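Here is a short briefing on one protein model. Look at the sequence and the structure first, then read on.

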Amino acid sequence: MPILSRIVRSSVTFLLATPLCAAELPDPLATATGQVVTSAQAWQQQVRPRTLQLFREQVYGVRPVAKPAVSQARVVREDPQALDGTATLKEIEITFAGPNGSVRIHPVLLIPNAAIAPAPTFLLFGFTKPDPLAEPNIKGAWPVRQLLARGFATVAFEVSEVDPDRADGFGDGVRAVFGKQPRPADAWGALSAWGWAASRIMDYLETDHAIDATRVAVIGHSRCGKAALWCAAEDQRFSYVISNNSGCGGAALARTKKGERVADITSHFPYWFCENYQKYRNREDDLPVDQHQLLGLIAPRLLYVASATQDDWADGRSEFESCVRASPVYALFAKTGLPSTTLPPPDQALLDGSIGYHMRTGPHALTISDWQHFMDFAAKHWKP
Ligand code: GCU
């Protein structure tokens with residue numbers, strides 16, 4: 001983009017970002033012909049399927065298979081007295097077989113031994129191999145003991161086991177198992193493949209009597225936050241989704257966000273998305289959808305978006321505005337989405353609506369304090 005128009009554009013972006021809700025964004029309630037629906041039923045029938053399809057074709061890619069004919073899950077190791085007897089640990093192996101071979105993943109599930117009823121569960125998209133004994137680290141904390149102490153079960157998997165998190169990973173993951181060459185421009189990217197695997201873990205959870213499958217949350221940080229949002233848009237069995245610092249291609253608005261833009265993300269991480277997404281480099285205004293509509297696809301289920309004050313690359317202010325702009329979809333279901341249109345002070349969580357939000361003081365990270373808010377939100381809204 002020429003320098004002058006870049007300057008004009010960024011000052012426009014700044015002005016638009018200051019009073020919330022001033023930018024021209026697609027209406028999350030509009031049908032293909034621009035008609036604004038006024039009922040949840042009309043939205044479900046006329047808006048949701050089209051919005052989902054546009055995200056598939058232009059952003060995250062189309063999945064070649066819903067549930068594979070051959071998908072086997074088995075518990076390969078069980079320890080009923082894990083973590084000083086507080087939990088039952090199950091190491092699960094799930095095999096996905098398709099026309100071009102197979103891939104195995106190894107999620108780790110912990111169920112609180114104190115539970116007297118099927119447990120609500122947090123499913124974490126992990127950057128590394130799940131290790132419940134590891135001290136929660138700053139990149140993608142998994143505070144297993146805190147979750148168990150509050151009565152939650154939790155399961156984590158390593159996204160790279162599903163599909164490697166690298167540009168040339170296509171041939172080694174689940175996308176190769178089901179994909180065809182040459183890959184169409186709307187073929188699924190790695191974010192969608194990771195979310196698809198979370199759905200296969202959900203298939204297993206539905207068979208485990210210790211788990212309340214009506215209360216399973218997907219949670220991810222950063223790239224995994226993008227994947228968690230898309231996962232829950234595709235799979236409505238998840239009743240709660242948490243996006244932590246997901247930014248560009250996640251909760252933040254493509255059109256007006258600061259920091260990372262479509263041109264940046266598609267240069268560094270083209271394989272996260274479908275190839276079509278690259279058409280919108282420096283042309284975000286041409287996108288047929290924007291990310292508040294992705295948040296709208298979660299409605300009427302629980303959604304939590306968390307930002308951080310020093311995370312300019314993700315742009316927390318834009319993530320907040322996106323939640324504001326998604327809230328009319330919740331209103332159709334007679335629910336309050338975000339309970340405020342004013343950005344709350346740092347570290348103050350908005351927990352009263354069906355969309356939760358906070359802006360944590362500090363850098364891009366998933367911390368224990370973020371998790372405390374996510375658990376508080378669950379305890380408040382997630383009734384058996
Ligand atoms: C990069 C990328 C972000 C992403 C982040 C992460 O910073 O630009 O979009 O969220 O990596 O996943 O850690």
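Is T31 buried or exposed? T31 is buried, with a relative accessible area of 10%. Buried means under 20% relative accessible area, exposed over 50%, and partly exposed in between, with a 1.4 Å probe and protein chains only.

This is a predicted model: local features need pLDDT of at least 70, side-chain atom pairs count only at pLDDT 80 or more, and totals for chains, interfaces and linings use all residues. Residues are numbered from 1 along each chain as its sequence is written, and side-chain values use heavy atoms, with hydrogens and water left out.

**Around T31**
- T31 sits in the loop between α1 (3-17) and α2 (40-60). Helices are DSSP runs (H or I, at least four residues), numbered from the N terminus.
- Beyond its neighbours within four places in sequence, T31 is in contact (heavy atoms within 4.5 Å) with V37, Q46, V47 and R50.

**Helix α8**
- Helix α8 covers residues 223-234.
- 12 of the 12 residues of α8 are buried, so the rest of the structure largely encloses this helix.
- Among them are R223, K226 and E234.

**Where α7 meets α8**
- L191, S192, W194, G195, A198 and S199 in α7 meet R223, K226, A227, W230 and C231 in α8.
- By class, this contact of α7 with α8 has six nonpolar, three polar and two charged residues. Ala, Val, Leu, Ile, Met, Phe, Trp, Tyr, Cys and Pro count as nonpolar; Asp, Glu, Lys and Arg as charged; the others, Gly among them, as polar.

Key: Helix = DSSP H or I, 4+ residues; strand = E, 2+ residues; numbered from the N terminus. Expected span 1.5 Å × (residues − 1).
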